[in-house]
Amino acid sequence: MLSHQAPADTIREWLANAVSIAALTGAGISAESGIPTFRGPGGLWRTYRAEDLATPQAFARDPQLSWEWYNWRRGIIATAEPNAGHVALAELERRLSHFTLLTQNVDGLHDRAGSRRILKVHGDIWTLRCTVCTRAWRDARPSLPVLPPKCACGAMARPGVVWFGEGLPEDVWSAAVEAARAAQVLLVIGTSALVYPAAGLVQLAQSAGAKVVEINVAETPVSAMVDLSWRASATAALPQLIPPA
Ligand code: OAD
């Protein structure tokens, strides 16, 4: 898009004129909090194979190994703090009655920054779910002392996240689709936009008429199709759009 305006000015204008706004975040928004992304430099999938750790088959084969990996990630996330990007999105929610945060992240940093209307399409690492009775509960201990953890019913628990090859939680996903369709502006922050169906929310919002803004340090498959692609980090960009209260 050709414009004489700085990206921040254009986006601020779009935000100011919109009643309904949504944001879709990915691992990049937590990168500056010290949490590794999946695919960039230092990304988890550059060192570990998802097929060994994050699929139903991997868990069935070796639940101990899969749990050790999630327990290690819990430890990293527990020492991280929400950054200015998370805080700006929480502030945006406070200012608007129609704002929905759609996140692929399982780290819980949006909650800790103060966001409340969050649709976690890939689940939450701080939730455990029984593999038999399907009861779900929260356990925020940075490190679980016994692996694999057990449900009160005695069966093995699994991490409350979505694995490759699994469907997304239906109620969360339909609410995410609804929010993407209703948005007049969609901010797409720190995601490689490679993992579907979450990445499909970008096109869905745009075909439903939203102005789509990408904030990412690198180009992605959606950079060319969005209305404005801003090459900036989450902590540099978001506080310019939503100044602290
Ligand atoms: P990726 O690791 O695939 O992509 C992270 C994106 O963030 C990249 O496009 C980076 O360029 C960008 N990025 C890095 N640092 C940034 C910063 N400081 N500011 C802005 N952008 C930055 O992570 P996701 O797109 O979240 O799924 O990955 C999607 C899904 O793949 C994850 O939810 C996870 C993973 O496998 C499941 O676990 C089911």
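Begin with the aromatic side chains: this predicted model holds 7 aromatic pairs. Select Tyr-48 and Trp-72, whose rings form a tilted pair, 5.5 Å centre to centre with 50° between the planes. This pair links distant parts of the chain, 24 residues apart: Tyr-48 lies in the loop between α3 (44-47) and α4 (50-53), and Trp-72 belongs to helix α6 (residues 63-78). Tyr-48 is partly exposed at 30% relative accessibility, and Trp-72 is likewise partly exposed, with a relative accessible area of 37%.

Next, select Trp-69 and Tyr-70. Their ring centres are 5.1 Å apart and their planes meet at 80°, so this pair is edge-to-face. Both Trp-69 and Tyr-70 are buried.

Three strands form an open, antiparallel sheet in the order β5-β4-β6. At its edges stand β5 (136-138) and β6 (157-161); each has a single partner strand, so one side of each is left without a neighbour in the sheet. Neighbouring strands are turned by 40° against each other on average, direction ignored.

Select β4 (residues 123-130) together with β5: the two run antiparallel and are joined by 3 bridges. Here Arg-129 stands opposite Ala-136 of β5. Then bring back helix α6, which packs on the sheet and touches β4 and β6; the direction of α6 makes about 140° with that of β4.

Finally, select Arg-158 and Trp-163. The charged end of Arg-158 sits over the ring of Trp-163, 3.7 Å from the ring centre.

Conventions: Residues are numbered from 1 along each chain as its sequence is written. This is a predicted model: local features need pLDDT of at least 70, side-chain atom pairs count only at pLDDT 80 or more; totals for chains, interfaces and linings use all residues. Side-chain values use heavy atoms; hydrogens and water are left out. Rings of Phe, Tyr and Trp (its six-membered ring) pair if their centres lie within 6.5 Å; planes under 30 degrees apart count as stacked, over 60 as edge-to-face and the rest as tilted. Helices (H or I, at least four residues) and strands (E, at least two) are DSSP runs, numbered from the N terminus. Buried means under 20% relative accessible area, exposed over 50%, partly exposed in between (1.4 Å probe, protein chains only). A charge sits over a ring if NZ of Lys or CZ of Arg is within 6 Å of the ring centre and within 35 degrees of the ring normal. Two strands pair if DSSP finds at least two bridges between them. Axes are lines fitted to C-alpha atoms, for helices over the stretch in contact, and angles run from 0 to 180 degrees between N-to-C directions. Contact means heavy atoms within 4.5 Å.
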